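Here is a short briefing to read alongside the model. Have the viewer open as you go through the topics below.

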Amino acid sequence: MNVVQEIRRINESEKRQGLGASASWHDDYKDSAYIYIGGLSYDLTEGDVICIFSQYGEIYNINLVRDKDTHKSKGYAFVQYEDQRSTVLAVDNLNGARVLGRTLRVDHVKAYRQPKQGDDELPTERVMNAAPEVVEVRSERSDDEEVMQEAGIDPDDPMAAYYLK
């Protein structure tokens, strides 16, 4: 019997017996806000996983495990919720769910350790640079307002001096 079916069987058994939260198998993981997600499509991004799993609580951290060389997803992730109770909801509701034709395995994680960030793992270039494009204006005029007007920069813009650099 695979893990997905086993978790369903345990949950159904607890439901039939009418066990409270403290007697549930979830109580063994009450000190951890992390879940393991396996069976993810290799095409999913961190944002996609957040969209799926945020319906059960506020996500605090996500680690979509990727290959070190190709940076492609390995098909599993670890998610940390802000509130541990969200892990119970995610495990009970999304374990066994089908996403993009693949069956998800969602389970608690008792002792998750953050991955080490080595110098070689950090990106070498800025991937998501949100800074505005710098406008280079070369002029012999000393009047900044005229230069800004020529470049289409609003002189009242608080970032006007930055654009002129």
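Is asparagine 95 buried or exposed? Asparagine 95 counts as buried because its relative accessibility is 4%, where buried means under 20% relative accessible area, exposed over 50% and partly exposed in between (1.4 Å probe, protein chains only). A word on the ground rules: this is a predicted model, in which local features need pLDDT of at least 70 and side-chain atom pairs count only at pLDDT 80 or more, while totals for chains, interfaces and linings use all residues. Residues are numbered from 1 along each chain as its sequence is written, and side-chain values use heavy atoms, with hydrogens and water left out.

**The sheet**

- Four strands make up an open sheet in the order β2-β3-β1-β6, with antiparallel pairing; helices (H or I, at least four residues) and strands (E, at least two) are DSSP runs numbered from the N terminus, and two strands pair if DSSP finds at least two bridges between them.
- β2 (59-66) and β6 stand at the edges with a single partner strand each, so one side of each has no neighbour in the sheet.
- On average, neighbouring strands of this sheet are turned by 20° against each other, direction ignored; axes are lines fitted to C-alpha atoms, for helices over the stretch in contact, and angles run from 0 to 180 degrees between N-to-C directions.

**Strand β1 and its partners**

- Four of the five residues of β1 (residues 34-38) are buried.
- β1 pairs with β3 (residues 73-81) over five antiparallel bridges, including tyrosine 36 with phenylalanine 78 and isoleucine 37 with alanine 77.
- β1 also pairs with β6 (residues 105-109) over five antiparallel bridges, and there tyrosine 34 stands opposite valine 109.

**Aromatic residues**

- The structure holds three aromatic pairs, where rings of Phe, Tyr and Trp (its six-membered ring) pair if their centres lie within 6.5 Å, and planes under 30 degrees apart count as stacked, over 60 as edge-to-face and the rest as tilted.
- One of them is the tilted pair of tyrosine 36 and tyrosine 76, at 6.1 Å centre to centre and 40° between the planes.
- Tyrosine 36 lies in β1 and tyrosine 76 in β3, so this pair ties together parts that are 40 residues apart in sequence.
- Tyr36, Tyr76 and Phe78 form one aromatic cluster.

**The loop with asparagine 95**

- Asparagine 95 sits in the loop between α3 (85-94) and β4 (98-99).
- The side chain of asparagine 95 reaches the backbone nitrogen of valine 106 at 2.9 Å.

Technical notes:
A polar contact is a pair of N or O atoms within 3.5 Å; within protein, one must be able to donate a hydrogen and the other to accept it, and residues adjacent in sequence count only if both atoms are side-chain atoms.
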